[in-house]
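Here is a short briefing on one protein model. Please look over the sequence and the coordinates before reading on.

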Amino acid sequence: MKKHTTKLTSKSIEGSGLPSDYKKAIAEYIWNGFDAGATTININFLGNSIGTLENFSISDDGSGISFENISDTFGNFMVSLKANSFSETGFVKGKKGKGRYSFSTFCNKATWNTIFKSKEGKYLEYNIQIKKESSQDFETFERTISNQQRTGTTVIFEDFSEIYSDLLDNEDFEKFLANEFGWFLYLNKERDFKILINNNSLDYFSVIDDTDEKNIPIGDYNFKVSYIRWKEKIGDKYYYYFLDDEKKQVFRKHTSFNNKAVDFHHSLYIESSYFDSFNITKEDNPTFDFSGKNQTDITFRNLIELLNEFVSEKEKLFIRNSKANELIDNYNKSKVFPAFKNNSYDNLRKIDLENVIKELYSLQPKIFQSLTTTQSKTIIGFLNLLLDTDQRESVLSIVENVVKLTDEERDELAKTLKKTNLSHINALIKLLENRFNVVEILKTLIYDLEKFTNEREHIQKVIEDNYWLFGEQFHLVSADKNFEVLLNNYYAHLEINNKKPETIDTKEKLKRPDIFISRKSDIPDATNNDLTIEENIIVELKRPSVVIGSEQFQQVERYLRFIIEEERFNSLRRNWKFILVGKKVDDYIIDLYENQKNKGQKYLVQSIRNYEIYAMTWDDLFMLFKIKHKHLINKLEFKSAVIENLEAKGINLNKDASNELTEIATNGQLN
């Protein structure tokens, strides 16, 4: 045995800033093991029935403590050879050489049994012992040739104070170790680094919620980035840790995501040979720089920019997939959401509102934080009203007046506002509601106000604004205008530019068709794939008191003859349909139906080349309307939502005559 004395007193050692907590003291010995090149640390303890520790030791498979350097390690208290050791906080572990004295926190004696490899290649074993009462001294015992052909160190603790077996055998102690060493074990998982507690591996993933890895190439360097999101807060700040090729920390820097109160507990570890020769400056932008690679280097600045983008995406995903769901749950519990009915349409409305809230929350959590319940109800109610209108995309403009959005954030929010089915449902419901209301108005004029209704002052006005009743994708060319005006309007529709207005030199030009509509785009010619055909419709409306018969048919037939004889209308590349509509048809029209039956077109009364005349009742037209729109809804993915909403407004599509539907499907229909 040989006694060694330092130049310090026991009192000065105790006042040098040793850990005051047994857990931190134990961590010092674990870090010392990893500093010595260990891959496995084993914490062994045994307690008796009353909780007293009977034995306690920490073993590692590191390089051991060389006897030749004992004076430079144990002999120099505040100067350690381990000047570049590992750190989880940015402070170098063991650099003051005082970690070995941490035992005094919980016991009075520590013995190091260490095996090292000598310069001659022999495995030598000896003990080092320190007592708390004379901690300025340490004793070494005779070296012997070890029976074990490996290096390593076991620290044996004795004469315990203020520590019991239940303090080591509990979840809090394991959680502390997982928080302290989780990042280091994760970075070294390929090398099978581990901490054992009585031979059971520490589950460091118990404190980790998410991990990811990516490589960032910049110039001649590759940066391996390891991202960890912790389950709980690990400190007041969050950092990028920059490590050299030996995974030793060279520098750390705050991330730019430290101030958002959304429990985004994160750390990033960046490994690269770039940091092997990295020279840290006190300022990120020093005025003068002659130190080589540092924070001003363009590679480092580009790296920080890419890291910020990476963390930003991670934060948004975390908020959207986790914290936003918590916000929605809280709003449901607090009854912040407006009342929604229990049907599929309102369920879609609620989901849409929730999705927009989640997206807004992921862009800027502060919008929804620190609000009273009343304030939350106000902002959510406002969003709900806005989303139910055609101005739902105005949410983007409003948000941009509150917070500054990046191009990517703006695009993401815009997609959320556009992609939802609800916007299409709302638009369709409003379209259908408006159309059903128009039909109800016409029914009132025709059936309830028959004695007062005429075509020019009443029916004509309604149809002018709602000519979709006779065909979709058409353009209104003229309404109650003579044929000369109709011709000039027609040329304007066809975008034919004339230097002066067209004239027609016959008295027939004064005839005034009620409605003339033309399709906005031509349809393919069934007889020639290279050609298209223009479609035109002329509608003649009759007041309820008029029964459609031969006289009304002849009026429309004269329109047809005028079109045939007018060379500016009669191209075979144009199809013309003439439609007579009244409350009732007589036997003359019914006979014409029968005569045209072989053509397979319902309501057809005459067909000449590319000209057709149809006669139908208002009830026929209304039935066609309901059937066509029911077909439209039946094709939709959200059919039930539309039907439920329309029924809530008193519009029932299920009252259609099924026989009529079958007949039209079999024989064809007008449009």
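What does the accessible surface of the protein come to, and what share belongs to carbon and sulfur atoms? The surface comes to about 34500 Å², and 46% of that belongs to carbon and sulfur atoms. Accessible areas come from the Shrake-Rupley method with a 1.4 Å probe; for residues, only the protein chains shown count as cover.

This is a predicted model: local features need pLDDT of at least 70, side-chain atom pairs count only at pLDDT 80 or more, and totals for chains, interfaces and linings use all residues. Residues are numbered from 1 along each chain as its sequence is written, and side-chain values use heavy atoms, with hydrogens and water left out.

**Overall make-up**

- The protein holds 18 helices and 24 strands. Helices (H or I, at least four residues) and strands (E, at least two) are DSSP runs, numbered from the N terminus.
- The protein has 671 residues, and 49% of them count as buried. Buried means under 20% relative accessible area, exposed over 50%, and partly exposed in between (1.4 Å probe, protein chains only).
- Take the contacts between residues at least 6 apart in sequence: 68% join residues at least 24 apart. Contact means heavy atoms within 4.5 Å.

**Nonpolar cores**

- A nonpolar core is a set of buried Ala, Val, Leu, Ile, Met, Phe, Trp, Tyr and Cys residues joined through side-chain atoms within 4.5 Å.
- The largest such core has 59 residues. Ile 26, Phe 34, Ile 43, Phe 56, Trp 112 and Phe 157 have the most contacts inside it.
- Helix 5 (residues 171-187) gives the largest share of this core, 10 residues.
- Another core, of 43 residues, lies apart from it; Phe 257, Leu 360, Tyr 361 and Leu 387 are among its members.
- Ile 26 touches Ile 43, Phe 56, Ile 58, Phe 106, Leu 168 and Phe 173, with residues up to four places away in sequence not counted.

**Aromatic pairs**

- The structure holds 54 aromatic pairs. Rings of Phe, Tyr and Trp (its six-membered ring) pair if their centres lie within 6.5 Å; planes under 30 degrees apart count as stacked, over 60 as edge-to-face and the rest as tilted.
- Tyr 361 and Phe 368 form an edge-to-face pair, at 6.0 Å centre to centre with 80° between the planes. Both residues are buried.
- Trp 576 and Phe 578 form a stacked pair, at 6.4 Å centre to centre with 20° between the planes.
- Trp 576 counts as buried because its relative accessibility is 1%. Phe 578 is buried too, at 0% relative accessible area.
- Ring pairs link a cluster of Trp 31, Phe 34, Phe 181, Trp 183, Phe 184, Phe 193, Tyr 239, Tyr 241 and Tyr 269.

**Charges over rings**

- A charge sits over a ring if NZ of Lys or CZ of Arg is within 6 Å of the ring centre and within 35 degrees of the ring normal.
- Arg 252 lies over the face of Tyr 239, at 4.0 Å from the ring centre.
- Arg 435 lies over the face of Trp 468, at 4.4 Å from the ring centre.
- Arg 435 is found in helix 11 (residues 421-448). Its relative accessible area is 8%, so Arg 435 is buried.
- Leaving out residues up to four places away in sequence, Arg 435 touches Trp 468, Glu 472, Phe 625 and His 629.

**Positive phi**

- Most residues other than glycine have a negative phi.
- Lys 247 has a positive phi, near 65°. Lys 247 sits in the loop between strand 13 (239-243) and strand 14 (249-254). It is buried, with a relative accessible area of 11%.
- Lys 335 also has a positive phi, of about 55°. Lys 335 lies in the loop between helix 6 (298-333) and helix 7 (344-363). It counts as exposed because its relative accessibility is 65%.

- Ile 463 lies in helix 12 (residues 455-465), and is buried at 0% relative accessible area.
- Ile 463 and Ile 515 are 52 residues apart along the chain, with C-alpha atoms separated by 8.0 Å.
- Apart from neighbours within four places in sequence, Ile 463 is in contact with Leu 442, Leu 469, Phe 470, Ile 515, Leu 541 and Trp 618.
- The buried residues of helix 14 (residues 550-565) include Gln 552, Phe 553, Val 556, Tyr 559, Leu 560 and Ile 563.

Note on methods. The expected span of a helix is 1.5 Å times one less than its number of residues.
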